[in-house]
Amino acid sequence: MIRGIIIAVLGVAIAATGYWGYKEHQEKDAVLLHAENNYQRAFHELTYHVDQLHDKIGTTLAMNSKKSLSPALIDVWRITSEAHNNVSQLPLTLMPFNKTEEFLSNIGDFSYKTSVRDLDQKPLDKKEYTTLNSLYKQAENIQNQLRSVQHLVMSKNLRWMDVEMALASDKKQSDNTIVDSFKTVEKNVGAFSEDSISPTFTGANTERKGFTHLKGKQITEKEAVKIAQRFAPDHNYSIKVVKSGRKTNRDVYSIRMKDADNKSFIYMDITQKGGHPVYLIQKRAVKKQKISLNEASNRAVAFLKKNGYETKGLEIDESAQYNNIGVFSFIPVEKNVRIYPEAIRMKVALDDGEVVGFSARDYLAAHRTRTIPAPALSADEAKAKLNKNVEVRETRQALITNELGQEVLCYEMLGTIGKDTYQMFINADDGKEEKIEKLKSAEPIYKDL
Amino acid sequence: MKCKGAFMACLILFSFAAAFFDHHETVHAFSNQVIQRGATGDDVIELQARLQYNGFYNGKIDGVYGWTTYWAVRNFQEKFGMKPVDGLVGAKTKQVLISKSKYYREYVMEQIQKGNTFTHYGNVPLENQTKPRAGTQKPAGTNKPAQKPQNNKGGQSNQKQNTTAANMPGGFSNNDINLLAQAVYGEARGEPFEGQVAIAAVILNRIKSPLFPNTVAGVIFEPLAFTAVADGQIYMQPNERAKEAVLDAINGWDPSENAIYYFNPDTATSKWIWGRPQIKRIGKHIFCE
């Protein structure tokens with residue numbers, strides 16, 4: 001009797017467990033399928049967009065009228081951005097799929113820059129047509145290969161989830177068909193991307209890197225420690241130095257010091273050439289605010305002066321208080337022109353006014369002696385180029401890096417429309433609007449309802 | 001019935017409070033700091049309220065010295081012939097401001113603490129200038145009037161300042177910063193502060209790079225990009241340290257020296273990542289191009 005009951009109970013328990021397990025399994029499958037569907041969608045959309053891209057570039061090649069060329073190029077730009085978006089949703093991050101992505105962003109850059117240009121005044125030149133032609137061929141190539149991958153995926157019922165597993169575990173990576181075919185795509189793109197895309201329009205790649213252009217002699221580790229001790233505001237101890245960045249032209253001594261009274265670390269990088277401090281950063285508890293933001297900015301200037309920066313020509317640009325820390329950026333001014341690419345950033349604790357952060361990366365990268373040309377337009381002429389609704393409050397000259405990565409002399413104007421404040425840069429030579437930015441106002445603190 | 005009673009009590013209390021504070025105008029003075037653009041705190045609240053009293057400032061009294069406040073200060077300085085017109089609120093500007101305006105401190109503080117929408121103009125009776133926060137005065141039926149004040153109180157005790165807004169670096173919202181902080185916290189909880197800033201900087205460098213998506217969420221949730229996303233650690237509540245690291249990275253600090261990849265040499269499985277040109281090692285992570 002009892003045995004019977006036990007058996008019955010166990011039987012029910014087993015059946016229940018089985019049912020539960022089956023449900024779990026079903027749920028898991030549903031989730032996996034859902035993820036798989038997302039991958040599939042991204043992939044099929046990618047092939048479709050590359051298809052479209054190829055067609056659209058083809059159309060632009062055939063076009064003669066400038067009126068239709070600009071919209072067509074804008075279309076190319078839009079499609080590349082969508083294709084790029086699709087790529088970023090696929091689990092390809094751990095796989096070298098760089099060149100294809102770079103290709104996409106290159107087409108994007110090219111089509112954007114040419115479409116926003118006034119093609120009536122400056123039509124596509126021969127070189128640009130050659131570039132467009134080679135981009136067209138390349139797009140065709142990628143299109144064909146993606147189409148064949150797509151065929152493979154569909155005919156063999158391949159799963160992207162398997163790709164993800166394969167890439168994440170790095171086992172049997174070579175066995176995965178999708179991974180293999182994508183590697184082939186990549187190889188082919190790489191084969192002729194180098195020469196077809198001239199560096200003139202790969203704006204993102206021209207950015208100067210490294211500290212090799214700096215002046216000064218190579219310093220030793222001991223000298224670096226001395227510089228660090230002089231630079232950092234306290235008596236610090238247990239200083240550790242590591243050399244790094246040799247392979248990538250960023251030869252620096254990375255220094256870690258212990259702050260004498262705050263029991264926290266100060267981190268610093270000093271270039272090996274010339275011994276210039278690149279940045280300093282310290283994380284410590286900041287107590288109640290005792291000094292004002294204004295006083296803090298004065299301390300920041302005093303700090304820069306102490307360390308040999310030309311402080312007479314420094315103007316404060318950003319100043320903001322985050323809890324009990326003041327963050328500032330200073331812009332060097334030469335002949336009444338603000339040199340925006342050379343900004344220096346500072347962070348000051350508002351409890352005792354100590355400098356807790358310094359960054360001169362931009363300054364080191366961009367600083368050199370410049371000949372600043374005289375502006376061709378007068379300030380009033382530049383002002384006339386602005387939207388009539390803007391009430392201009394401040395005007396000055398400034399040097400900025402524009403979208404194409406060139407340094408241009410501008411009139412910088414601060415103005416308001418209603419309650420919004422705008423920062424506007426008008427090219428001082430041809431009156432072009434180089435950059436218009438709405439300056440951010442404070443964000444309300446959202447409370448839980 | 002209960003709800004209705006509480007509601008009535010609230011109303012009575014409220015009208016009493018309004019009447020009470022209306023009769024007590026205090027001439028409150030600033031602390032002796034020079035107030036500069038970007039500052040936050042009680043002095044800024046007073047500054048905004050006083051400027052609004054004279055009609056110079058039409059924005060929200062939120063305790064953050066932003067651009068709207070800046071232009072208001074400059075207009076004020078210009079109107080009263082102060083030199084230089086620089087937007088710095090020093091002793092002179094404060095003195096003129098105090099002599100030209102009134103500041104109902106209790107009224108303002110009460111409105112802020114209640115989360116009401118309010119103004120502080122000089123020529124309108126104060127009780128006409130306040131509107132309760134949406135939701136606090138819902139009629140009975142929404143069964144929560146007893147809970148609401150509690151929630152409010154909790155919010156206040158956590159807050160250090162009376163400001164109702166915060167400075168945010170351009171291009172990012174508080175929620176973006178939170179998402180970044182989640183990623184940093186999930187990826188590098190145990191790392192030195194410098195390493196956390198570096199990881200936040202890598203995410204920002206990726207946003208700028210043509211090889212990666214252009215948004216915070218796009219970069220963070222890219223499949224297989226971050227282990228913390230894959231294993232769900234990103235959904236942990238980040239601490240203040242992670243947030244500060246993110247703020248530093250956004251404000252321009254980059255200990256990774258423009259890296260766009262990093263990996264943990266002890267656990268990295270991909271051979272490819274080892275082939276990237278390495279920049280430097282911070283804590284457990286190697287950063288590379």
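1. Glu257(B) is buried, with a relative accessibility of 1%. In this predicted model, Glu257(B) also has a positive phi, about 55°, without being a glycine. You will find Glu257(B) in the loop of chain B that runs between helix H11 (240-250) and strand S4 (261-263).

2. Lys335(A) is worth a look as well: this non-glycine residue has a positive phi of about 50°. Lys335(A) counts as exposed because its relative accessible area of 70% is over the 50% cut-off. The loop that holds Lys335(A) lies between strand S6 (325-334) and strand S7 (337-339) of chain A.

3. Please check the backbone at Pro84(B) too. The peptide bond joining Lys83(B) to Pro84(B) is cis, with omega near 0°. Pro84(B) sits in the chain B loop between helix H3 (67-79) and helix H4 (91-100).

4. On to the domains: chain A is assigned domain 1 (1-188), domain 2 (221-362) and domain 3 (379-439). The C-alpha centres of domain 2 and domain 3 of chain A are 30 Å apart. Between them, these two domains of chain A bury about 630 Å², with 58% of it on carbon and sulfur atoms. On the domain 2 side, Arg338(A), Tyr340(A) and Pro341(A) lose the most area to domain 3, together 65% of what that side buries.

5. The residues of domain 2 of chain A that touch domain 3 divide into four nonpolar, one polar and one charged.

Terms used. Residues are numbered from 1 along each chain as its sequence is written. Chains are lettered from A and ligands numbered from 1 in the order in which they are written. This is a predicted model: local features need pLDDT of at least 70, side-chain atom pairs count only at pLDDT 80 or more; totals for chains, interfaces and linings use all residues. Side-chain values use heavy atoms; hydrogens and water are left out. Helices (H or I, at least four residues) and strands (E, at least two) are DSSP runs, numbered from the N terminus. Buried means under 20% relative accessible area, exposed over 50%, partly exposed in between (1.4 Å probe, protein chains only). Domain bounds come from an automatic or database domain assignment. Buried area is the accessible area (1.4 Å probe) that two parts lose on being put together, summed over both. Ala, Val, Leu, Ile, Met, Phe, Trp, Tyr, Cys and Pro count as nonpolar, Asp, Glu, Lys and Arg as charged, and the others, Gly among them, as polar.
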